[in-house]
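Here is a brief report on selected residues of one model. Please read it alongside the coordinates.

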Amino acid sequence: MTLIIFLAILAVLILVHESGHFIAAKKSGLIVEEFGFGFPPRLFGIKIGETIYSLNLIPLGGFVKILGED
């Protein structure tokens with residue numbers, strides 16, 4: 001039970017952290033290509049506007065991919 005609670009809290013922290021990157025990029029006028037929870041390979045993704053919102057296989061982090069970023 002403790003492990004499940006830990007993973008749930010970790011997931012919320014990751015989403016909040018990556019949302020901060022996403023909001024900062026959008027407010028700066030940058031194009032966000034993908035907002036991902038977890039690390040690739042992608043399990044599921046939906047494109048809304050110019051951004052793909054994805055759920056990835058390795059749930060140990062997240063990322064915001066900005067156009068032109070390598």
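Ile 58 counts as partly exposed, at 37% relative accessibility; that class lies between buried (under 20% relative accessible area) and exposed (over 50%), with a 1.4 Å probe and protein chains only. Ile 58 sits in strand S2. Strands are DSSP runs of E with at least two residues, numbered from the N terminus.

The model is predicted: local features need pLDDT of at least 70, side-chain atom pairs count only at pLDDT 80 or more, and totals for chains, interfaces and linings use all residues. Residues are numbered from 1 along each chain as its sequence is written, and side-chain values use heavy atoms, without hydrogens and water.

Strand S2 also holds Thr 51.

| Residue | Relative accessible area | Class |
|---|---|---|
| Thr 51 | 2% | buried |
| Ile 58 | 37% | partly exposed |

A polar atom of the Thr 51 side chain lies 2.8 Å from the backbone oxygen of Val 32. Contacts of Thr 51 (heavy atoms within 4.5 Å) include Phe 22, Lys 26, Phe 35 and Ile 46, with residues up to four places away in sequence not counted.

Ile 58 also belongs to a nonpolar surface patch of about 880 Å², along with Phe 39, Leu 43, Phe 44, Ile 46, Ile 48, Leu 55, Leu 57 and Leu 60. Patch residues have over 30% relative accessible area and no salt bridge, and nonpolar side chains are joined within 5 Å. A salt bridge puts a side-chain nitrogen of Lys or Arg within 4 Å of a carboxyl oxygen of Asp or Glu. S1 gives the patch its largest share, five residues.

Pro 41 lies in strand S1, residues 32-48. The peptide bond joining Pro 40 and Pro 41 is cis, with omega about 20°.

Terms used
Helix = DSSP H or I, 4+ residues; strand = E, 2+ residues; numbered from the N terminus. Polar contact = N/O pair within 3.5 Å; in protein donor to acceptor, adjacent residues only side chain to side chain. Patch = residues over 30% accessible without salt bridge, like charges linked within 9 Å, V, L, I, M, F, W, Y side chains within 5 Å. Areas by Shrake-Rupley, 256 points an atom, 1.4 Å probe, with all protein chains shown as cover.
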